[in-house]
Amino acid sequence: MILRYINLNDKLSRRDFLVFFVLGLVLALGISLVQRVPGYTDAEYYYSGGVRLFEGEGFTEMILWNYLYDPAGLPHPSHAYWMPLPSVLAAAGMFLLQNSGFFAGRLVFILLSAVIPPLTALLAQRLGQSKRGAYLAGLLALFSGFYLNFTTLTEGFAPVMVLGSVFFLTSFGR
């Protein structure tokens with residue numbers, strides 16, 4: 001096993017965290033090459049919200065997503081049901097790359113997805129795990145199975161994972 005060849009006597013180094021980030025980035029970019037469209041309603045909603053923000057239309061939508069409230073007509077205010085943060089992050093990627101393409105909308109999510117493995121390893125290390133445990137946590141976050149498809153989409157998974165990890169890391173006070 002790979003962990004046998006790693007010096008496990010101390011805590012993770014900056015190089016270890018950088019390796020986890022680079023591996024996460026390569027994996028996220030690889031997954032994003034396969035995903036050509038959002039693929040389901042929530043991701044599509046956040047992507048279209050990001051496009052509207054990028055185009056200067058603000059938090060409005062030209063489509064009726066649900067009937068929970070009775071809009072007077074189109075366009076109408078958006079995000080009455082879904083949270084706006086993923087749309088804001090999608091728009092940030094679009095502003096950075098100056099286009100409204102799907103890859104631009106996912107740019108921030110791809111970067112957040114790459115941050116999840118080193119953050120998870122750091123969290124495990126702070127929770128008192130051995131270096132081996134921190135490596136294992138980072139590897140499990142890197143190859144997270146079911147959630148791997150969702151972290152690079154314009155969806156709330158990656159932001160919640162990163163913000164949750166940051167919350168716990170700052171709660172420890174170290």
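Is Arg-52 buried or exposed? I opened the predicted model to look this up. Arg-52 has a relative accessible area of 14%. Buried means under 20%, so I logged Arg-52 as buried.

**Entry: surroundings of Arg-52.** I placed Arg-52 in helix 2, which runs over residues 41-54. I then looked for a polar partner and found the side chain of Thr-60, at 2.8 Å from the side chain of Arg-52. Leaving out residues up to four places away in sequence, I listed Glu-57, Gly-58, Thr-60, Glu-61, Met-62 and Pro-75 as touching Arg-52.

**Entry: helix 2.** I counted 14 residues and a reach of 20 Å from first C-alpha to last, close to the expected 20 Å. The helix is mostly covered, with 10 of the 14 residues buried. Besides Arg-52, I noted Tyr-47, Gly-49, Gly-50 and Phe-54 among the buried ones. The cover over these buried residues includes strand 1 (60-61), helix 3 and helix 4. After the helix comes Gly-56, and I read its phi as positive, near 85°.

**Entry: nonpolar cores.** I went through the largest core, which has 21 residues; Tyr-47 and Ile-116 are among those that touch the most other members. Helices 2, 3 (85-97), 4 (102-126) and 6 (157-172) each supply at least two residues of this core. Helix 4 gives the most, with 8 residues. For Ile-116 I set aside neighbours within four places in sequence and found contacts with Ala-141, Thr-151, Ala-158, Met-161 and Val-162. I also found a second, separate core of 8 residues, including Phe-20, Ala-121, Ala-134 and Ala-137.

Terms used
Residues numbered from 1 in each chain as written. Predicted model: local features only at pLDDT ≥ 70, side-chain atom pairs only at ≥ 80, totals over all residues. Heavy atoms only, no water. Helix = DSSP H or I, 4+ residues; strand = E, 2+ residues; numbered from the N terminus. Buried < 20%, exposed > 50% of the residue type's maximum accessible area, 1.4 Å probe, protein only. Polar contact = N/O pair within 3.5 Å; in protein donor to acceptor, adjacent residues only side chain to side chain. Contact = heavy atoms within 4.5 Å. Core = buried A, V, L, I, M, F, W, Y, C linked by side-chain atoms within 4.5 Å. Expected span 1.5 Å × (residues − 1).
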